[in-house]
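Me: Hi! Could you walk me through this one? I'd like to start with the ligand.

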Amino acid sequence: MLHVENLKKQYTAFDGRPGGGVLGASFTLREGELFTLLGPSGCGKTTTLRAVAGLETPDTGRIAIGGQEMFNSQSGVNVALYDRNIGMVFQSYAIWPHMTVFENAAYPLRVSRGRKHSEREIETKVMRTLELVGLNAYAKRPAPQLSGGQQQRLALARALTREPRLLLLDEPLSNLDAQLREQMRVELKRLQQETGVTAVYVTHDQAEALAISDRIAVMNEGRIVQLGMPKEIYSRPASEFVANFIGRTNLLRGTLTRNAAAETISPVATDMGELLCLFPNAAAAQSKVALVIRPEHIAIRKVNSVEERDPNTNRLAGHVIREIYLGEMVEYLVQAGANEIIVRTLSGAAAKGDAVTLTFAAEHTVALATV
Ligand SMILES: Nc1ncnc2c1ncn2[C@@H]1O[C@H](COP(=O)(O)OP(=O)(O)OP(=O)(O)O)[C@@H](O)[C@H]1O
Ligand SMILES: [Mg+2]
């Protein structure tokens, strides 16, 4: 549905040197997919979207939508933005304050350069999209008299009225408070599934990305550093950057004691003794590795309490130096040797000062080769 190949758009910094932008991104979207570009501020997410929309002319690369070439730096193809049939919701959503809700949503149809729409057609299409976003009862209201969440939904409705083949969403929920964001996130996913529209979603919020995406491309400094399903990205991060960016995590250092084949469990020497680790990729003996252990995969119990022994479980001794109540969970900070380890559990199994044993499965101790 959307094919982006070796997209490059580098800005010039104010001192004349090469600046930020996108430095070579490639990805392909299936029809009906919700695909997310996730990464820290300035990594090139908006630049990528603007290039796809035709608001920005790339330096090099190729962009095709539904098999039709929109941009090709080699052959010189560059389809104008209004001929790309794309719906877009911008980072700072803008509804037109001098128009009613209805007129805001109708605007793209009125200015459409293609086929002219009759008033009846416009009425039908607009009311259908307003109903989709739950604003049909507000059609006659001046747009500024909507709440933040309603304005957000209106911006979405406006992007959908022309039934675009591709929807581009640049941090569409960033202006909303935390609770409304979570609510709208579910709404948005439902809308996207109901309309079947293919969408590129941009966010720097990892929780949002994990919750709504079919696939995620994690970006850093103008490049895609990992592309996969939310679960893969979370449980098998390809690098320390991805591991740190996607959720809270523990990172330990170690040295591989013998060769490890891909998808096997092998021992790694650390300053706290040997730990059994899962190697998503093959690695050679003596190589340095970083171990990723998610806080919720670690069990904590007071020393001397009964436990089952499992040969594929790692054990560390330590003591609790901090306990934070998070409502639905408790987070502990445990001093184990020279390391401070974060543990998250559902119930308060220990208290500050307690001597504890931490256990975590080898399969949840993911080893990454370090460079
Ligand atoms: N018009 C411009 N001129 C010069 N540099 C620019 C321009 N637009 C963006 N940049 C730079 O390009 C890089 C990528 O910008 P971009 O807007 O794509 O980031 P982003 O990932 O969308 O970030 P955010 O999450 O903050 O919106 C940044 O370093 C930015 O400063
Ligand atoms: Mg941006």
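Me: How do the residues of the shell around ligand 1 divide into nonpolar, polar and charged?
Reply: The shell has two nonpolar, ten polar and one charged. Here Ala, Val, Leu, Ile, Met, Phe, Trp, Tyr, Cys and Pro count as nonpolar, Asp, Glu, Lys and Arg as charged, and the others, Gly among them, as polar. This is a predicted model: local features need pLDDT of at least 70, side-chain atom pairs count only at pLDDT 80 or more, and totals for chains, interfaces and linings use all residues. Residues are numbered from 1 along each chain as its sequence is written, while chains are lettered from A and ligands numbered from 1 in the order in which they are written.

Me: Thanks! Which residues come nearest to ligand 1?
Reply: Tyr11, Gly20, Ser41, Thr46 and Thr47, out of the 13 residues around ligand 1 (C-beta atom, placed from the backbone, within 6 Å of the molecule). Strand 2 and helix 1 are the elements that give two or more residues to that shell (helices, H or I, of at least four residues and strands, E, of at least two are DSSP runs, numbered from the N terminus).

Me: Now the sheet: what is the order of the strands?
Reply: The order is 2-1-4-5-6, an open sheet of five strands with antiparallel pairing (two strands pair if DSSP finds at least two bridges between them).

Me: And which strands stand at the edges?
Reply: Strand 2 (18-29) and strand 6 (77-78); each has a single partner strand, so one side of each is left without a neighbour in the sheet.
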